Amino acid sequence: ASQCGMDAVTTIRLLELGVKLSCVAVVNSIYLMPIYKFTGMGGEVSLSDPILEVSLSNLPQGSSSIYATTIAAYIFFGSAMYLIAKDFDWFTTLRHEFLAQRRVQNYTIYLSGLPKEMQSNHAIREYFTHCFSHHDSDIVADVQLAVKIPKLEKACAKRDKILPKLEHAINLRDVKGKCPMHRKLPNNLDDAKLILCGGERVESIPEWTAELEELNNEILTEIDRIEELQEQRRGGDDDDALALESPMPENEGSGEEGEDVEVGV
């Protein structure tokens with residue numbers, strides 16, 4: 001149980017419960033089957049299946065042997081209730097032991113839909129410090145604000161598309177000795193002739209290499225800017241941090257819904 005998750009442990013316990021209930025049913029059948037066979041209709045009715053002779057179907061209507069079946073039912077359902085109660089005690093004990101451990105996930109709060117004035121590490125830390133303790137500033141272990149970075153994600157997605165094309169073009173050059181070409185649309189969309197022709201033909205390897213280098217520089221610059229923003233927020237310098245160009249797009253609608261935040265307490 002200490003080496004696997006709670007889902008796996010409860011599944012194993014559920015299977016064990018099924019095995020235990022099956023054992024109770026087997027014990028009941030030890031005395032039920034002879035009762036059904038010897039107190040049933042016996043030779044009065046010809047039965048095509050011998051299994052029916054040791055089943056409840058063999059008892060005639062009004063037979064007093066039905067009390068044995070009633071007793072067996074009480075034993076079975078009583079055993080089921082007892083075993084389920086024992087499993088609940090087991091689960092509650094282990095769950096409390098797990099939640100009492102000093103694990104980060106046991107003391108982490110996930111927040112979403114924050115208003116604008118709460119969208120900073122410093123503001124969230126102050127709020128929870130005020131909620132849990134007015135004196136101990138270390139009551140909140142850490143605050144991590146998950147910013148939205150569509151510009152960085154777009155640049156990374158563009159780089160992921162260019163990289164396999166460049167690798168394929170280099171392989172073609174090395175294997176076949178030919179320099180691959182492709183058409184590139186002009187930056188100036190007013191050139192209708194080039195647009196109608198599909199763009200200007202350029203060498204693929206130099207063009208994609210230059211694009212890849214440009215995207216790498218853009219990604220590094222964006223990462224540095226986001227890290228600077230996070231450091232300023234983490235240090236409580238919210239005014240200067242919010243004065244930077246935010247990596248987040250403006251929220252749609254009323255603007256009251258904010259970022260998703262993880263708060264470690």
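Me: Which residues form a nonpolar patch on the surface?
Reply: That patch is made of L56, I66 and Y67, and together they have about 300 Å² of accessible area. One thing to keep in mind from the start is that this is a predicted model.
Me: Where does Y67 lie?
Reply: Y67 lies in helix α2. Y67 counts as exposed because its relative accessibility is 57%, and the cut-off for that word is over 50%.
Me: OK, zooming out. How many helices and strands are there?
Reply: The chain has seven helices and five strands. Reading from the N terminus, the order is α-α-β-α-β-α-β-α-β-α-α-β.
Me: And what share of the residues is buried?
Reply: Of the 265 residues in the chain, 27% are buried. The accessible surface of the chain is about 18,500 Å², and 58% of that belongs to carbon and sulfur atoms.
Me: You said predicted. What does the pLDDT average over the chain?
Reply: The average pLDDT is 77, and 75% of the residues score at least 70.
Me: Which elements have the lowest and the highest mean pLDDT?
Reply: Strand β5, residues 260-264, has the lowest at 44, while helix α2, residues 66-99, has the highest at 91. Over residues 240-265 the pLDDT is below 50, though in the model this stretch has 90 contacts beyond near neighbours in sequence.
Me: Switching topic: how many salt bridges are there?
Reply: The structure holds three salt bridges.
Me: Which residue meets R13 in a salt bridge?
Reply: That's D87, with 2.5 Å from N to O. R13 sits in helix α1 (residues 6-38) and D87 in helix α2, so this pair ties together parts that are 74 residues apart in sequence.
Me: Are those two buried or exposed?
Reply: R13 and D87 are both buried. For D87, the relative accessible area is 16%, and buried means under 20%.
Me: What else is D87 in contact with?
Reply: Leaving aside neighbours within four places in sequence, D87 is in contact with R13 and L17.
Me: Got it. Which residue does E222 form a salt bridge with?
Reply: E222 forms one with R225, and their closest N and O atoms are 2.4 Å apart. The two residues are three apart in helix α6 (residues 204-234), so about one helical turn separates them. E222 is buried, with a relative accessible area of 5%.
Me: And which side chain does D174 meet in a salt bridge?
Reply: D174 meets R173, at 3.5 Å from N to O. D174 counts as exposed at 52% relative accessibility, whereas R173 is partly exposed at 38%.
Me: How far apart are the C-alpha atoms of L212 and D160?
Reply: They are separated by 9.4 Å, and the two residues are 52 apart along the chain.
Me: Last topic, aromatics. How many aromatic pairs does the count come to?
Reply: The count comes to two aromatic pairs. One is F76 with F77, which is edge-to-face: 5.6 Å centre to centre, with 85 degrees between the planes. F76 is partly exposed at 25% relative accessibility, and F77 is exposed at 54%.
Me: What is the angle between the planes of Y127 and F128?
Reply: It's 90 degrees, so the Y127 and F128 pair counts as edge-to-face, since that label needs over 60. Their centres are 5.3 Å apart.
Me: And how accessible is each of those, Y127 and F128?
Reply: Y127 counts as partly exposed at 43% relative accessibility. F128 is buried, with a relative accessible area of 8%.

Note on methods:
Residues are numbered from 1 along each chain as its sequence is written. This is a predicted model: local features need pLDDT of at least 70, side-chain atom pairs count only at pLDDT 80 or more; totals for chains, interfaces and linings use all residues. Side-chain values use heavy atoms; hydrogens and water are left out. pLDDT is the predictor's confidence in each residue, from 0 to 100. Helices (H or I, at least four residues) and strands (E, at least two) are DSSP runs, numbered from the N terminus. Contact means heavy atoms within 4.5 Å. Patches are made of residues with over 30% relative accessible area and no salt bridge: like charges are joined within 9 Å, nonpolar side chains (Val, Leu, Ile, Met, Phe, Trp, Tyr) within 5 Å. Accessible areas come from the Shrake-Rupley method with a 1.4 Å probe; for residues, only the protein chains shown count as cover. A salt bridge is a side-chain nitrogen of Lys or Arg within 4 Å of a carboxyl oxygen of Asp or Glu. Buried means under 20% relative accessible area, exposed over 50%, partly exposed in between (1.4 Å probe, protein chains only). Rings of Phe, Tyr and Trp (its six-membered ring) pair if their centres lie within 6.5 Å; planes under 30 degrees apart count as stacked, over 60 as edge-to-face and the rest as tilted.
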